[in-house]
Amino acid sequence: MKRRNLLLLGSTAAVTVAAFVVLTPKSIEHQEVATGGLAFPGLADRLQGAARIEVRKPDAALILVRQGEAWLLPEKGNYPVRPEKVREMLVGLTELRLVEARTADPAQLDRLGVDDPARAGSSALLLRVLDGAGAPLAELVVGRRRVRTQGNVPESIYVRRPAEAQAWLAEGRLPVDADPQLWIDRDLANLPQDRIRRLEVTRAGEPPLVLARAEEADARLRIVEPADTAADEVAVEEVARGFEYLTFLDVKPAAEMPGIAAGEGRFGLIEGLTVMVAGSKDGNNFWVRLTAEGGPEAERLNTRWRGWAYQVGDWKEKAFLPRLAELLPRPAEPAPPAEAAPSAPPESPAPLAAPAR
């Protein structure tokens, strides 16, 4: 009897273990990944063959192509993008870890921002890194970032592999943007205004305009041609500040600079540097080509400027190609008319005398 009971207990235990194995949800396998597994194991080595990066959303697409060690923007005439931004994103992909499985219900994916990136109104981004043959090295739907209020806590973001319904909470920094302007270094130059010693402006149909400083270190920039011409010091100072923190709004290959030629400005700076500005007007937009001469500094500037035309703020036209009329003292504003003295109120009529009795 005891032996029979032991056999029954053993059989029951075996059935229980088998049922546990069969009925245990497969999410336990995901849980093993979620303890810090990389989203793309071994990706760092494969990225040596990366040739193209795509970031897509419903209303825009960013394409980057690799040329040697540089990444370029085809839609901007293959203008180079910021290498540190590409590096940060690719390193983020290699270090991204899937830490917690979230919903696999397609109807709930939009709550995490990882629904179909092609759907109108979706906030999801589709990130793809491709090799030279167009085969994907990594593909990921990138959703909302989760805000952490504690200090020293890793960044986290919701993600999903495009071919899977399962969404994940991932840890790691993954900066992804579809706006090409955010990938470009828009700084062109920062030349302090006290370095500008001379400016020669040539405009078609207008007499030459020359501004220069005297030899004294603290001398102001003044109009020297036409001679004996007084100037508005504020307007002239804006000319001297033209290259301070200079940035651009848009860029095209130099051969494709739009608009009609507006003139040329030749800036002479201390330490032997000369900067030439060729300007063009395209409606209300102002475009420039920049060229430098004079030693190693000029070569560094030309390395950045050579072959490109830049749209700068339209107010820069007055700094790079000023007209004489824009530099003359402003006429004094007429004084406001004097206020007339208030008229005396009319006198009240004298009261009528009471009739005699």
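**Rings, pockets and backbone in a predicted model**

Phe267 counts as buried, because its relative accessibility is 0%. Buried here means under 20% relative accessible area, exposed means over 50%, and partly exposed lies in between, as found with a 1.4 Å probe on protein chains only. The model is predicted, and local features need pLDDT of at least 70, side-chain atom pairs count only at pLDDT 80 or more, while totals for chains, interfaces and linings use all residues. Residues are numbered from 1 along each chain as its sequence is written, and side-chain values use heavy atoms, with hydrogens and water left out.

Rings of Phe, Tyr and Trp (for Trp, its six-membered ring) pair if their centres lie within 6.5 Å; the pair is stacked if the planes are under 30 degrees apart, edge-to-face if over 60, and tilted for the rest. The structure holds seven aromatic pairs. Helices (H or I, at least four residues) and strands (E, at least two) are DSSP runs, numbered from the N terminus.

Is Phe243 buried or exposed? Phe243 counts as buried, because its relative accessibility is 0%. Phe243 has another partner, Phe320, in a tilted pair with 4.9 Å centre to centre and 40° between the planes. This pair too links distant parts of the chain, with Phe243 in the loop between H5 and S15 and Phe320 in helix H7, 77 residues apart. Phe320 is buried, as is Phe243. Elsewhere, Tyr79, Phe248, Trp308 and Tyr310 form one aromatic cluster.

A ring can also have a charge over its face. The rule is that NZ of Lys or CZ of Arg is within 6 Å of the ring centre and within 35 degrees of the ring normal. Lys85 lies over the face of Trp183, at 5.0 Å from the ring centre.

The next topic is empty space. Rolling a probe the size of a water molecule over the atoms shows where such space is left. On a 1 Å grid over the protein atoms alone, a pocket is an open set of points where a 1.4 Å probe fits, with protein on both sides within 12 Å along at least five of seven lines; lining residues have an atom within 4 Å of a point. Grid points are joined across faces, edges and corners, and a volume is the space filled by probe spheres set on the points.

The largest pocket holds about 360 Å³ of space. Its lining has 17 residues, and Arg66, Trp71, Val86, Arg87 and Leu90 are the closest to its centre. Strand S4 (70–73) and helix H4 (83–95) each supply at least two lining residues, and H4 gives the largest share, six residues. Which classes of residue line the largest pocket? There are eleven nonpolar, two polar and four charged residues in the lining. Ala, Val, Leu, Ile, Met, Phe, Trp, Tyr, Cys and Pro count as nonpolar, Asp, Glu, Lys and Arg as charged, and the others, Gly among them, as polar.

The second largest pocket holds about 290 Å³. Of the 13 residues that line it, Ala235, Glu238, Trp315, Lys318 and Ala319 lie nearest its centre. Helix H5 (233–240), helix H7 (317–320) and helix H8 (324–327) each give two or more residues to this lining, and the largest share, three residues, comes from H5. By class, the lining has five nonpolar, one polar and seven charged residues.

Val210 is found in strand S13 (residues 209–212). Val210 counts as buried because its relative accessibility is 5%. Apart from neighbours within four places in sequence, Val210 is in contact (heavy atoms within 4.5 Å) with Arg198, Leu199, Glu200, Arg222, Ile223, Val224 and Glu225.

Some backbone details remain. Most residues other than glycine have a negative phi, and most peptide bonds are trans. The peptide bond from Glu225 to Pro226 is cis, with omega near 5°, and Pro226 lies in the loop between strand S14 (222–225) and H5. Asn78, in the loop between S4 and strand S5 (79–80), has a positive phi near 65°. Asn78 counts as partly exposed because its relative accessibility is 34%. Glu271, in the loop between S17 and strand S18 (274–282), also has a positive phi, near 65°. Glu271 counts as exposed because its relative accessibility is 64%.
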